[in-house]
Amino acid sequence: MTFARITGTGSYLPERVLSNADLEKMVDTSDEWITTRTGIRERRIAANGETTGDLAFHAATRALEAAGVKASELDAIVLGTTTPDLIFPSTACLLQSRLGANGCMAFDVNAACCGFMYALGIADKFIRAGQTKKALVVGSETLSRMTDWTDRNTCVLFGDGAGAVVLEADKEPGVLTTLLHADGGYADLLYNPVGVSKGFKEDGRHGNTIMMEGNKVFRVAVRALERLVDETIAAANMHADNVDWLIPHQANLRIIRATAERLQLPMDRVVITVDKHGNTSSGSVPLALDELIRTGKVQRGQNLLLEAFGGGFTWSSAMIRY
Ligand code: UT7
């Protein structure tokens with residue numbers, strides 16, 4: 001049996017830090033409100049001209065270096081994003097060219113905040129099927145480009161960043177299971193109203209910024225993630241106490257705590273980056289994973305539970321033996 005193993009991780013954050021104090025000067029909010037309701041203290045914002053592809057390139061370069069894999073050895077690049085550099089070619093194709101990995105399969109996945117998790121699930125299946133030996137999986141976003149900086153309901157939440165992993169075929173696990181879910185019935189609770197075939201050239205009622213009914217999203221997210229972690233543990237033939245680390249999507253510390261409680265996992269086994277990164281959508285889980293791995297705290301053989309929830313709604317998870 002062939003498994004996909006993570007052999008290297010990397011991440012990248014833009015230099016500019018936007019603190020809660022900075023936001024207090026922009027909208028009617030307070031550090032106290034943002035910290036209490038979300039756990040966010042600061043987030044990074046891409047420089048003018050710095051794109052999702054740029055962030056992805058730096059994260060990917062670091063992941064390849066950590067894995068000791070040359071870009072020319074890759075058979076696949078799968079990149080999760082909702083903020084691509086261009087409508088087409090895909091950011092994955094632009095990244096492929098910059099890395100010098102030309103010839104291999106390369107495509108983007110849009111699953112909102114689950115973009116990286118969906119990309120991971122897809123790459124895992126290609127490796128298990130024997131069609132791919134070395135895959136680069138990336139989550140990269142510049143959400144700041146579609147944030148309404150006058151809307152306090154949303155602008156305090158998001159940030160820019162990217163993370164990447166190299167997956168390699170191996171006889172040992174590896175990715176044990178991935179679960180990908182969606183329910184488009186919730187589309188109107190979290191969306192951007194502008195696309196290509198809708199709203200592209202119109203002066204619409206809304207701008208081309210993120211629209212969210214945060215409170216409703218919160219309630220569905222908590223319930224969906226509780227069900228998802230139970231489902232993931234069962235799919236991996238495990239018990240909750242087999243989970244060594246939770247690497248959650250970093251949208252809100254209160255949502256993360258609820259998931260950890262469901263797993264009865266102490267918070268020192270939960271990776272928290274939301275305080276420094278805010279919600280970086282597809283960048284969030286691979287950024288947190290890279291942070292955990294680079295601290296050296298995680299041991300080979302430990303079980304990592306990754307999960308995410310986002311617009312669509314989409315929700316997704318992976319159980320990984322590191
Ligand atoms: O990653 C994709 C998935 N996204 C999520 O998972 C996000 C899920 N939702 C959330 O994280 C939370 O719902 C939010 C952080 C967005 C909001 O927290 P909440 O506790 O659900 O607050 P709320 O929306 O119920 O708003 C409570 C109050 C409202 O005032 P009133 O109506 O009670 O007078 C808001 O107007 O807080 C007000 N408010 C703010 N006040 C100060 C909303 N945003 C702000 C703000 N600063 N930035």
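Strands (E, at least two residues) and helices (H or I, at least four) are DSSP runs, numbered from the N terminus. Two strands count as paired if DSSP finds at least two bridges between them. Keep in mind that this is a predicted model, in which local features need pLDDT of at least 70 and side-chain atom pairs count only at pLDDT 80 or more, while totals for chains, interfaces and linings use all residues. Residues are numbered from 1 along each chain as its sequence is written, and side-chain values use heavy atoms, with hydrogens and water left out.

Within that pair of strands, Leu-306 stands opposite Ala-318 in E13. The loop between E12 and E13 holds Phe-313, and the peptide bond joining Gly-312 to Phe-313 is cis, with omega at about -10 degrees. Most peptide bonds are trans, and most residues other than glycine have a negative phi.

Now step back to the sheet around them. E12 and E13 belong to an open sheet of four strands, ordered E8-E13-E12-E11, with mixed pairing. Strand E8 (175-182) and strand E11 (245-248) are the edge strands, each pairing on one side only. From one strand to the next, the twist averages 10 degrees. Helix H5 (residues 115-128) packs on this sheet and touches E8, E12 and E13, and its direction makes about 130 degrees with that of E8. Angles here run from 0 to 180 degrees between N-to-C directions, and axes are lines fitted to C-alpha atoms, for helices over the stretch in contact. Contact means heavy atoms within 4.5 Å. Helix H10 (residues 284-295) lies across E11 and E12, at about 145 degrees to E11.

On to the other sheet. Five strands make up this open sheet, in the order E1-E7-E6-E4-E5, again with mixed pairing. E1 and E5 are at the edges with a single partner strand each, so one side of each has no neighbour in the sheet. The twist averages 15 degrees from one strand to the next. E4 and E5 pair in the parallel sense over five bridges, and Leu-79 has Asp-108 in E5 as its bridge partner. Helix H3 (residues 52-67) packs on the sheet, touching E1, E4, strand E6 (134-142) and strand E7 (160-170), with its direction at about 125 degrees to that of E1. H10 turns up here too: it packs on the sheet against E1, E6 and E7, and its direction makes about 95 degrees with that of E1.

A few residues around this sheet deserve a look. Arg-5 lies in strand E1 (residues 3-12), and its side chain makes a polar contact of 3.0 Å with the side chain of Asp-170. A polar contact is a pair of N or O atoms within 3.5 Å; within protein, one must be able to donate a hydrogen and the other to accept it, and residues adjacent in sequence count only if both atoms are side-chain atoms. Leaving aside neighbours within four places in sequence, Arg-5 has contacts that include Val-166, Glu-168 and Arg-300. In the loop between strand E4 (76-80) and helix H4 (91-99) you'll find Pro-89, and the peptide bond from Phe-88 to Pro-89 is cis, with omega near -5 degrees. Ala-112, in the loop between strand E5 (105-109) and H5, has a positive phi of about 50 degrees although it is not a glycine.

Next, a pair of helices. Helix H7 (residues 214-235) and helix H8 (residues 253-263) pack at an angle of about 30 degrees, with their axes 9 Å apart. Among the residues that meet are Phe-218, Val-222 and Leu-225 in H7, and Ile-255, Ala-258 and Leu-263 in H8.

Finally, the ligand. His-249 has a polar side-chain atom 2.9 Å from a ligand oxygen, and Asn-279 places a polar side-chain atom 2.7 Å from an oxygen atom of the ligand.
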